[in-house]
Amino acid sequence: MNPYNYLYLAGILFTIGAIGVVVRRNAIVVFMCVELMLNAANLSFVTFSRINGTLDGQVTAFFTMVVAACEVVVGLAIIVAIYRSRRSASVDDASLLKR
Amino acid sequence: MNTSSSIVYLIALPLFGAVALLLGGRRTDKWGHLLATAMSAGSFAVGIYQLMQMLGRSTEERAITQTLFSWISVGSFDIDAALLLDQLSICFVLLITGVGTLIHIYSISYMEHDENRRRFFAYLNLFIASMLLLVLGNSYLNLYVGWEGVGLASYLLIGFWNQKPAYATASKKAFVMNRVGDMGLSFAIMIAFATLGTTTFAGVAEASHHASEAALTAIGIMLVIAAAGKSAQFPLQAWLGDAMAGPTPVSALIHAATMVTAGVYLIVRSNFIFDAAPTAQLIVVIVGAITLIFGALIGTAKDDIKKALAASTMSQIGYMILGAGLGPAGYAFAIMHLLTHGFFKAGMFLGAGSVMHGMNDEVNMRKYGNLRKFMPITFVTFGLGYLAIIGVPPFAGFYSKDLLIETAFDAGGIKGPILGSITLLGAAITAFYMTRVMILTFTSKARWDENTHPHESPWLMWMPMAVLAVGSVTTGFLFTRGDALVNWLNPVFGDHGDHHSEHLFEPIVVSMMALTAVAIGVAIAFFKYQRADIPAVAPTQVSFFTRFARKDLGQDGFNEAVFMRPGQKLTSLLVKSDDRVVDGAVRGVGRLAISSGSWLRLSQTGFARSYAAFILIGAVALIAGIWVVTQ
């Protein structure tokens, strides 16, 4: 099978994720879209690794997963904390840093 | 050349007095004036001792030097702090310390009720030390230190009563105008060092034999500027009248007898430069001739007794500068007039101080009159000084001024008659205004009000006046007997006399002309003032010339129009350009940062999604850019 198809898929996934981050207000959904973009990146790493016949991309994919897991832990904790104090998970409500 | 180790005490004693009184502060109030007077007198005693030593040596060995320490030593550039005592400097040493000591004694009584008397004496001692350094330095650089020192002392003493704003302004004016002259001296030193490679008098004299005339002329002109600033000569003369703001003993010591004659000393000391640079020498003569008439004219219009005397000082120093500009024939006579002038002018200033002392510090001569009855001693001493300055034989001024007039007539070519006539005219005007001072103060009808009780001054004040009056009577005779002073000074000028070969007029004819001029001046003043009633308020309906002379012949107006206002315009222009251009650039950078910041701030919405959108757009734009470039 043509490995470039995986790259196209990665591109589509990344675009969906990016649009989701910009468009959706719910923090949980924004978060899932970020994960989607990370996974798109992972997919392209693995694909390039396959195309080039080396293991570098595969290894990087594992690193990315670890970082993503950590990010999820911290991010979810923040979202929960914000939800507790503000009774809302909308990212637009948490816009107090501008002043 | 001989060396000696005791010259330094001349300077060290008064310097010690000044330092002790300034550092000692109020603790020394009780006896400070006595210490200062003792230091000055001690310095005078050392001067007498040095004179005796010098008289004991043969003519060739009279000049001695003392090297104090190596002052500046950089590579081949070596300057010692060294003192040179020769026939010329010993005259000045004795004048400075002798008259200085008398004025110290006078001031003990004159400043008795001033709570800052100790500070006054500290400054006087500082002045004596600086002035001695000026005349004893063996190089232009050492002289420069003293030159600045006397400028400082003069500034401090003119502004001694600086609680009055006008007096503080006068001291600043004197300081600033002196700085213009000091600039000339520093340029002269720099040119001398650059072209001749040395700054010692001996070195420059040696090098001047084979130096280019252009360099020597440049040095000479700069020295003339220096002399004009310090000696209140045209065109830097305007400060002297205002300098009378200082206490009267200061006017007598600094602004009549010693400091203002430093310019004459400088020119006479630099005789080797002026002898080799005729252009510079001509400028000296012109400056002297202008100032001698200029000062005399101002003197005729002044009602303030001290300012009339100041104008007279300016005029008399004009005579000296003129004499110094006449070359080897005139140097000794310039110094002689300087010394006799030191006696009679200091005496008259002290007399004026004595009059003020008895008249509630009134200086307006129109409020005086008939003081001869109330202040007989002051009248006699002032009168002897008066006879000396107008040049009545056998008083001191007759000899010295007569010799200067004679030398001026003998200047040769067209110069001779012109300069001779100017000096004669100056003598006539001098006689006129000094007679006016005499009549207004001592012999006309009394014009003071009933609150004034004129009285003779205490003995501490009239004693120095009497000593100076004796000097005004005798010095001229002593100096000229057997050409004593001329023969004494000639070795300094590397000259062996013998330049009285041709006379335009016989000396006796010149004397007769001078006496006639004096008689005319005295007669005019006598008929104008003694015979007529003198209004107590200066008349306002007077001719243009009188008004012009009252305004110091426009010297302040000229300075203000030509230097002060353009200077102010220049500075305000510079301030504006600094404000607009330099500060404008600095402020512009700040304003740019602020405005761009406030504009960029709008993008900081606080919405996480808009940040994300910006990041996305940026990333896409970056990739697109790379793609476009690499394609």
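This is a predicted model: local features need pLDDT of at least 70, side-chain atom pairs count only at pLDDT 80 or more; totals for chains, interfaces and linings use all residues.

Modeller: The account below moves from the chain as a whole to one pair of helices and then to the loops around them.

Along the principal axes, the C-alpha atoms of chain B occupy a box of roughly 115 × 65 × 60 Å. Chain B has 631 residues, of which 51% count as buried. Among the contacts in chain B with a separation of 6 or more, 80% are between residues 24 or more positions apart.

Two packed helices are described by the angle between their axes and the distance between the axes. For helix 17 of chain B and helix 18 of chain B, which spans residues 415-443, the axes come within 7 Å and cross at roughly 155°. An angle over 145 degrees counts as roughly antiparallel, and helix 17 of chain B and helix 18 of chain B are therefore roughly antiparallel to each other. On the side of helix 17, the residues in contact are Lys401(B), Leu404(B), Ile405(B), Ala408(B) and Phe409(B). They meet Gly416(B), Leu419(B), Gly420(B), Thr423(B), Leu424(B) and Ala427(B) of helix 18. Sorted by class, this contact comprises 7 nonpolar, 3 polar and 1 charged residues.

The peptide bond joining Pro393(B) and Pro394(B) is cis, with omega about 5°. Another cis peptide bond joins Phe234(B) and Pro235(B), where omega is about 0°. Pro235(B) is placed in the loop between helix 8 (213-230) and helix 9 (239-242) of chain B.

Asn360(B) has a phi near 55°, a positive value in a residue other than glycine. Asn360(B) counts as partly exposed because it has 13 C-beta neighbours inside 10 Å. Asp361(B) is found in the loop between helix 15 and helix 16 of chain B, and its phi is positive as well, at about 60°, although Asp361(B) is not a glycine. With 10 other C-beta atoms within 10 Å, Asp361(B) is exposed.

Definitions and conventions
Residues are numbered from 1 along each chain as its sequence is written. Chains are lettered from A and ligands numbered from 1 in the order in which they are written. Helices (H or I, at least four residues) and strands (E, at least two) are DSSP runs, numbered from the N terminus. A residue is buried if 20 or more other C-beta atoms lie within 10 Å of its own, exposed if 12 or fewer, and partly exposed in between; C-beta atoms are placed from the backbone. Two residues are in contact if their C-beta atoms, placed from the backbone, lie within 7 Å. Axes are lines fitted to C-alpha atoms, for helices over the stretch in contact, and angles run from 0 to 180 degrees between N-to-C directions. Angles under 35 degrees count as roughly parallel, over 145 as roughly antiparallel, 65 to 115 as roughly perpendicular and the rest as oblique. Ala, Val, Leu, Ile, Met, Phe, Trp, Tyr, Cys and Pro count as nonpolar, Asp, Glu, Lys and Arg as charged, and the others, Gly among them, as polar.
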